[in-house]
Amino acid sequence: MSVLIIQNPVSGEGTAVDLIKNSVIPLLDSHSISHTIQSTTEPGHAGSLALSFLQGRCAEDKESAPKDSPVLILAGGDGTLHEVVNAVGLSAVENSEQIQRVVIVILPCGTANALYSTLFPPSPDGGPYPKLSAKLPAGTDAQTAYKLQSLLSYLDNAGRRRPLVLTHTRVLDKNGDLAPVSGSSILSAVVTSTSLHASILDTAEELRAEVPGVARFSVAAERNIHMWYGSHVQLLPSDSDFDSAPVQRYDPSANKFVELEGMTELEGPYSYFLSTVNVDRLEPTFVITPLAATDPPSPGVMEVILVRPTRDPSFEGDTPEGRKKFVEKIVPVLRGAFQNGAHLGIGYDSEGNIKEDPALQPVAEYYRCAKWIWEPTPGSAGVLVCADGTLVKIPGGGRAICSVVKSFEEGGGFHIWA
Ligand SMILES: Nc1ncnc2c1ncn2[C@@H]1O[C@H](COP(=O)(O)OP(=O)(O)OP(=O)(O)O)[C@@H](O)[C@H]1O
């Protein structure tokens, strides 16, 4: 059986091609696994390559007895995975159809590599994983060894095949119809966001050539940190035909989620709003939804983190001065995410000063839900939605609806070697 390797030569710092040539091919050869390598030549290409490979495999399987699940090796970042998931899975999700099982091996050659660094959190000393790295040729450096962990799990049947949870976002126009813009129906495998995070991704893309690596996210954050985004948000439990899953809110003083009844409505403005699936972090050390790893959500549920300036006891209205002052509150929260999720314990005292004390009213609100609806206030800045880095604009009077996708049945869907 042949595997397809898709390499994105421009993701991250452009390391995919060398990693495949120098480390991946020798390992596949030593395990007698035949392979085809395809390089992406433009945005969207990873998706079309995966789709035609899988359609070819389907045709083969119809002619002979079904074989093992097809395997894709993706050398790129979260955006490359996002393209594959959308090309292969979107129409099935839209039509409530099943897809065959697709097994994915990730080679983290992107910038953020959120999913990979969740599956393989970097070791504190930056060293390789001793157990699996013993199987690599002598002299393999620690960084390369780290990038080969998903591949080694696959080759040695040594790890887990973890099903990928997806969310489906629909961007609707003012009449409630799917907006006539590219990406108005889109799947995410990592993050769906609005507000500051979506603006950061938007600016970071403009900086790609200028600022290499994750540093461009910091530069982009500085440029957008003062922004507020007007919106009305609803967090919803799962639909009745799905596993029962109420909305839950994290209580930092008890260090646990508390179940809420029915729908939760949250008035803006927002500084920050994002939801994640499959990950507790968006970069190797930016752990924004930490309980996803330590207290995983039940099936059908996503994690939501949001920050609303109106919760600050010193909030005096949406003024330029008020926005400037709030930067002093949001920055420590984002820094806390870089300290292994310490942002969850940052709260306001009665005067609006922020302190590390889980007994105080938290600055970052942390929820779990099956679905959210984001309805921008007319004239506000909150019109960008980011799905794993792809940005979609909500038309005037419209809204975005993001729901966890019901799992594919009988083991179908995407599975990642971890
Ligand atoms: N040959 C190409 N030329 C230009 N763009 C490409 C090419 N191949 C793929 N792309 C685009 O490159 C983009 C970035 O890829 P990817 O997301 O994998 O890397 P990244 O953004 O550096 O990493 P991450 O998403 O983990 O931060 C994708 O959105 C894809 O559409």
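The model is predicted, so local features require pLDDT of at least 70 and side-chain atom pairs pLDDT 80 or more, while totals for chains, interfaces and linings use all residues. Residues are numbered from 1 along each chain as its sequence is written.

**Ligand shell**
- Among the 22 residues around the ligand, those that come nearest are Ser-11, Pro-43, Gly-77, Gly-79 and Gly-110 (near: C-beta atom, placed from the backbone, within 6 Å).
- The shell comprises four nonpolar, 15 polar and three charged residues, with Gly counted as polar and Pro as nonpolar.

**Domain contact**
- The domain assignment of the protein gives domain 1 (2-159) and domain 2 (167-404), with bounds from an automatic or database assignment.
- Their C-alpha centres lie 29 Å apart.
- The contact involves 19 residues of domain 1 and 21 residues of domain 2 (contact: C-beta atoms, placed from the backbone, within 7 Å).
- On the side of domain 1 that touches domain 2, H3 and helix H4 (114-119) each give two or more residues.
- H3 gives the most to that side, with ten residues.
- That side of domain 1 divides into eight nonpolar, eight polar and three charged residues.

Definitions and conventions. Contact = placed C-beta atoms within 7 Å. Helix = DSSP H or I, 4+ residues; strand = E, 2+ residues; numbered from the N terminus.
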